[in-house]
Amino acid sequence: MDSIQAYDARRYPQCVIHILCTKGSMSFRFQNVHYNIVAGDYVILTNMSLASGFSESEDYRALTMGLSEPFVLSMAIRNNYGIIGHLGLLQNPVMKLSPHDFRKCVDDMERLRERLTDGEPHLFREEMLGYLLMAHIMDLYDIHARGQASRQVSEHTARLLQQFIELLYNGEYIRHRDVPYYASILCITPHYLSEICRKACGKPATYWIDRFTLHEITNLLCQKELSLTEIAARMNFSSVSYFSRYVTKHFRFSPNAYRKSVIPK
């Protein structure tokens, strides 16, 4: 795609979106954080439901692609950096590329587009595209890892982290915001869950639970027809006052003040 506006979420749900800006600028929000990208920036949105508010400049140009999870998994990349990279991209989905890395990524993506649109028959088309994509993903792993603190985890730890994040993606944070709940499902101690989270990304397990919770609260606060009582009930808070304290603690604004700041009059 040339723009994120061309992405059809109904036809291709749950894709990981890659955006390489080649000209102009684009802004968006991802998990309540505002980002503005320019030429040379590479964005990886691991979950489009966490992104919103896309706005492009008139001269904006980009190479954009959506990768389905089954296709990526079919490549069976044997590298535990995947979950570390995933957590890193949830914290910040934007990579600032050097001129050398920018050229490399443009070449990778242009090559993929060329082969995707090639009308000539190819007996091994899916395998060929898979290898081209695998080479690009390995380049991205390298670029992203160079910008992170050196972190490595075992296969067992990577599997536990993947299961933890999947529980959050499935909405468990709406009913459960305590670390012991997730630890019990994973058959480990709360302390160990927080330690492996810190080892992988420098943040404890509570950080991720709060991150998903606050994103959902933000979406609900933007629906002005919903009262604070209704939102507190939907998010399984025991009272509106507890809900208000939770929002104020994390946003430094009361729910009403935050709602006024983000909803146009």
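**Figure 1. An open sheet of 3 strands in the predicted model.** The strand order is β3-β2-β5, and the pairing is antiparallel. The edges are taken by β3 (33-38) and β5 (51-56), each of which has a single partner strand, so one side of each is left without a neighbour in the sheet. From one strand to the next the twist averages 15°. Strand β2, residues 25-30, pairs with β5 in the antiparallel sense over 4 bridges. Within this pairing, the bridge partner of Met26 is Glu56 in β5.

**Figure 2. The aromatic cluster of Phe237, Tyr242, Phe243 and Tyr246.** The structure holds 11 aromatic pairs. One of them joins Phe237 and Phe243 in an edge-to-face arrangement, with 5.3 Å centre to centre and 70° between the planes. A further pair is formed by Phe237 and Tyr246: the ring centres are 5.2 Å apart and the planes stand at 55°, so the pair is tilted. The cut-off for edge-to-face is over 60 degrees between planes. Phe237 has a relative accessibility of 7% and counts as buried. Phe243 is also buried, at a relative accessible area of 0%, and Tyr246 is buried as well.

**Figure 3. Arg177 over the ring of Phe237.** Arg177 lies over the face of Phe237, at 4.0 Å from the ring centre.

**Figure 4. The salt bridge between Arg113 and Asp2.** In the whole structure, 9 salt bridges are found. In this one, the side chains of Arg113 and Asp2 meet at 3.2 Å, N to O. The pair links distant parts of the chain, with Arg113 in helix α3 (residues 99-116) and Asp2 in the segment before β1 (15-23), 111 residues apart. Arg113 is partly exposed, with a relative accessible area of 29%. Asp2 has a relative accessibility of 51% and counts as exposed; the cut-off for exposed is over 50%.

**Figure 5. The salt bridge between Asp101 and Arg146, and its network.** The side chains of Asp101 and Arg146 meet in a salt bridge of 3.2 Å, N to O. Asp101 lies in helix α3 and Arg146 in helix α4, so the pair ties together parts that are 45 residues apart in sequence. Asp101 is buried, with a relative accessible area of 5%. A network of salt bridges links Asp101, Lys104, Asp142 and Arg146.

**Figure 6. The salt bridge between Arg111 and Glu114 within helix α3.** The side chains of Arg111 and Glu114 meet at 3.5 Å, N to O. Both residues lie in helix α3 and are 3 residues apart, about one turn of the helix. Arg111 is partly exposed at a relative accessible area of 37%, and Glu114 is partly exposed at 44%.

**Figure 7. Ser154 in the loop between α4 and α5.** The loop that holds Ser154 runs between α4 (125-146) and α5 (155-169). The side chains of Ser154 and Thr157 are joined by a polar contact of 3.1 Å. Ser154 is partly exposed, with a relative accessible area of 37%. Ser154 and Thr248 are 94 residues apart in sequence, and their C-alpha atoms are 38 Å apart in space.

Definitions and conventions: Residues numbered from 1 in each chain as written. Predicted model: local features only at pLDDT ≥ 70, side-chain atom pairs only at ≥ 80, totals over all residues. Heavy atoms only, no water. Pairing = 2+ DSSP bridges. Helix = DSSP H or I, 4+ residues; strand = E, 2+ residues; numbered from the N terminus. Axes fitted to C-alpha atoms, helices over the stretch in contact; angles between N-to-C directions. Buried < 20%, exposed > 50% of the residue type's maximum accessible area, 1.4 Å probe, protein only. Polar contact = N/O pair within 3.5 Å; in protein donor to acceptor, adjacent residues only side chain to side chain. Phe/Tyr/Trp six-rings, centres within 6.5 Å; stacked < 30°, edge-to-face > 60°. Lys NZ or Arg CZ within 6 Å of the ring centre and 35° of its normal. Salt bridge = Lys/Arg side-chain N within 4 Å of Asp/Glu carboxyl O.
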